[in-house]
Amino acid sequence: MFAAHSKQILLLFHFSVFSIVSFGEAYFLTMDGAGIDLYEILEVEHGASKDEIRKAYRKAALASHPDKVPEAEREAAEIKFKAVQQAYDILYDEDKRHLYDTHGMSAFDGSGNPGMGGGPDLDDILAQMFGGMGGMGGMPGHGGGGRRPPKPRKSPDEETKYEVSLEDLYKGKTVKFASTKNVICGLCKGKGGKDKAVAKECSTCGGQGYKEVLRQMGPMLTSSMAPCTVCDGQGSFFATKDKCKKCKGKKVTEEKKMLEIYIPRGAKEGDRVVLEGEADQVPDQEPGDIVFHLVETEHPIFRRAGPDLTADLEITLAEALAGFSRVVLKHLDGRGIEITHPKKPGDVLSPGQVLKIPGEGMPLKKSDARGDLYLIVDIKFPDKDWTPSPETLEKLREILPKSTQPPITTESVDEVDYESDADIEAFGQGDPRGGSGWQDDDEEGEPAQCATQ
């Protein structure tokens with residue numbers, strides 16, 4: 001019976017349409033033009049309710065669970081259990097079930113999710129059932145074994161972002177943290193199996209570890225190589241009874257370790273701090289690195305541009321005119337920065353004026369040099385609570401410089417009232433056309449037109 005069915009499969013393979021039919025404890029493929037029949041796997045009708053599907057799944061999963069059968073039948077039970085699990089995952093989800101009823105298994109990728117895929121899990125399962133057929137004879141585009149891409153020399157690096165305050169970037173910082181990573185199993189030394197056990201070559205990928213799969217790219221189908229889902233890209237696997245008791249065949253175990261990184265003085269946004277060889281270990285490969293990408297957090301006082309810093313210098317009107325000598329801000333290392341003004345008698349500070357303090361910016365990495373600190377003058381004028389006497393105001397008029405603006409002469413003069421607490425955001429909102437006073441009528445490049453009279 002097996003030979004007859006195998007011949008039928010090879011002759012009619014170009015249709016790419018099969019279903020699973022159970023004969024006792026074995027599973028075989030037949031052509032029925034409707035694709036893999038997931039309803040038949042769970043032994044339910046096509047119109048079965050979700051409750052009926054759930055009950056059927058529990059019954060089938062219990063009957064085929066690898067832990068419920070003798071050890072000699074465990075491998076076959078694992079294959080059947082996978083088929084039952086995937087059938088349930090698709091049929092119990094209403095959206096996936098609708099896709100399956102409409103398009104069959106061609107609407108799903110290898111993980112059971114919607115999307116074209118030339119190597120679904122069920123194809124892997126069927127390949128295992130038929131031993132050396134290797135994904136239906138290794139025919140192009142239908143899950144046959146493919147050439148394994150060159151094995152990388154190192155395991156993948158682990159990339160992560162790490163937020164750092166401007167204070168820590170200014171002073172430098174050492175950070176300790178606990179890391180959990182995969183290490184080569186100490187019992188089987190990365191073999192994955194018991195001492196004298198021999199791994200079986202994966203028949204699905206022909207021992208290559210990779211399969212050719214079809215994926216949809218817009219209106220086109222493209223062929224690519226993907227890791228075999230049966231052997232996890234290894235090309236071979238151990239039977240359940242032969243797997244290492246410690247790592248369960250995974251070849252690695254988890255280990256916690258305390259790690260330490262140093263953020264150097266003057267480091268900046270985007271810099272990388274690398275812990276060499278501290279990524280997950282993979283058998284027959286050098287361990288990759290853990291790479292931290294520094295992210296500079298916003299500071300409430302200082303702003304940074306390369307090695308330079310800037311901050312606002314808030315002073316009173318009296319200080320701007322008469323001078324001062326005091327600590328104006330606290331630096332990133334906790335020092336107070338003191339300024340004495342004026343440098344020479346008669347100097348005054350103006351709003352927006354910039355004071356440069358050389359050597360008080362950020363330190364440069366691997367150097368004793370530093371950038372500069374730029375202070376932007378922000379003069380605070382007296383508030384509404386300031387009520388000077390007429391005598392005081394008259395003295396100010398006498399002391400302060402007189403206006404140098406020439407008087408404006410006009411034919412007529414209107415004395416008007418004003419609001420002293422207006423909001424500039426209200427500017428233009430009185431336009432009856434709903435426009436803004438900040439925008440031009442022809443800002444889109446259209447020529448201005450006369451209104452109809």
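Tutor: Start with a definition: a disulfide is a pair of cysteine sulfur atoms within 2.5 Å. Keep in mind that this is a predicted model. Searching the whole structure turns up zero disulfides. Take Cys 228. The closest cysteine sulfur to its own belongs to Cys 231, at 3.8 Å. That is too far for a bond, because the limit is 2.5 Å. Cys 244 is in no disulfide either. Its nearest cysteine sulfur, in Cys 247, lies 3.7 Å away.

Next, look at the nonpolar cores. In soluble globular proteins, nonpolar side chains tend to be buried together. The largest nonpolar core here has 34 residues. Among those touching the most other members are Phe 302, Leu 313 and Val 328. Domain 2 (158-199 + 238-296) and domain 3 (302-380) each supply at least three residues to this core. Leu 313 touches Val 328, Ile 339 and Leu 355, including these among its contacts beyond four places in sequence. A second, separate core holds 18 residues, including Tyr 39 and Val 44.

Finish with a sheet. Four strands make an open sheet, in the order β13-β14-β18-β17, with mixed pairing. β13 (303-305) and β17 (354-357) are at the edges. Each has a single partner strand, so one side of each has no neighbour in the sheet. From one strand to the next, the twist averages 30 degrees. β17 and β18 (residues 373-380) run antiparallel, joined by four bridges. Lys 356 stands opposite Tyr 374 in β18.

Key:
Residues numbered from 1 in each chain as written. Predicted model: local features only at pLDDT ≥ 70, side-chain atom pairs only at ≥ 80, totals over all residues. Heavy atoms only, no water. Core = buried A, V, L, I, M, F, W, Y, C linked by side-chain atoms within 4.5 Å. Buried < 20%, exposed > 50% of the residue type's maximum accessible area, 1.4 Å probe, protein only. Domains from an automatic or database assignment. Contact = heavy atoms within 4.5 Å. Pairing = 2+ DSSP bridges. Helix = DSSP H or I, 4+ residues; strand = E, 2+ residues; numbered from the N terminus. Axes fitted to C-alpha atoms, helices over the stretch in contact; angles between N-to-C directions.
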